[in-house]
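The sequence and structure come first.

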Amino acid sequence: MQKKWAALLTSAALALALSACGGGGNESDSNAAEEAAASASETLTIKASNWAFDQSEYAIPKDTQVEIELLNEEGAHGIEIEGADVKLDGSKKSKVVTLEAGTYTIKCNIMCGTGHLNMTAKLVVQ
């Protein structure tokens with residue numbers, strides 16, 4: 001019985017120690033994200049509503065730090081920019097990127113209903 005209590009207390013102490021150590025990482029990640037957003041020279045806001053983005057085509061300058069921001073106006077949506085390593089959803093709503101010239105496809109990456117497959121737009125980087 002004593003071994004069970006000792007094991008239980010050890011497990012509880014370990015869990016408490018690990019949770020205390022993990023808390024600081026979120027703050028530094030948050031600060032890094034804020035610093036990156038502050039260094040972006042432009043912001044592109046993509047507004048999503050049920051089964052459509054607010055524009056069919058967006059444009060940003062090439063080789064420039066741009067904060068891409070997702071704003072859900074209606075429904076639950078996310079975005080993925082193919083070939084650009086950008087994925088935004090309910091937990092992550094913006095990302096600072098520097099993209100090369102080209103045309104990228106933006107699509108909703110959260111199943112949002114019957115019009116989900118048609119929820120696409122273009123991102124032109126020039």
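## Salt bridges

Glu82 counts as partly exposed because its relative accessibility is 34% (buried means under 20% relative accessible area, exposed over 50%, partly exposed in between; 1.4 Å probe, protein chains only). Its side chain and that of Lys107 meet in a salt bridge, 2.9 Å from N to O (a side-chain nitrogen of Lys or Arg within 4 Å of a carboxyl oxygen of Asp or Glu). This pair links distant parts of the chain: Glu82 lies in the loop between β5 and β6, Lys107 in strand β8, and they are 25 residues apart. Lys107 is also partly exposed, at 29% relative accessibility.

By this rule the count comes to 2 salt bridges. Another pair is Lys95 with Asp85, whose closest N and O atoms are 3.7 Å apart. Lys95 is in strand β7 and Asp85 in the loop between β5 and β6, 10 residues apart, and this pair too links distant parts of the chain. Lys95 is partly exposed, with a relative accessible area of 22%, whereas Asp85 is exposed, at 64%.

## Basis of the values

This is a predicted model, in which local features need pLDDT of at least 70 and side-chain atom pairs count only at pLDDT 80 or more, while totals for chains, interfaces and linings use all residues. Residues are numbered from 1 along each chain as its sequence is written, and side-chain values use heavy atoms, with hydrogens and water left out.

## Strand pairing

Strands here are DSSP runs (E, at least two residues), numbered from the N terminus; two strands pair if DSSP finds at least two bridges between them. An open sheet of 4 strands has the order β2-β1-β4-β7, with mixed pairing. Its edge strands, β2 (52-53) and β7 (94-98), each pair on one side only. β1 (residues 42-49) pairs with β2 in the antiparallel sense over 2 bridges, and Ser49 has Ala52 in β2 as its bridge partner.

β9 runs parallel to β3, joined by 4 bridges, and antiparallel to β8, joined by 6 bridges. In β9, Val125 is the bridge partner of Ile60, and Leu123 is that of Tyr104.

## Nonpolar core

The largest nonpolar core has 24 residues, of which Phe53, Ile68, Ile106 and Leu123 touch the most other members (a core is a set of buried Ala, Val, Leu, Ile, Met, Phe, Trp, Tyr and Cys residues joined through side-chain atoms within 4.5 Å). Strands that each supply at least two residues of this core include β4 (65-72), β8 (102-107) and β9 (120-125).

Leaving aside neighbours within four places in sequence, Ile68 is in contact (heavy atoms within 4.5 Å) with residues including Leu44, Ile46, Ile79, Leu88, Lys95 and Val97.
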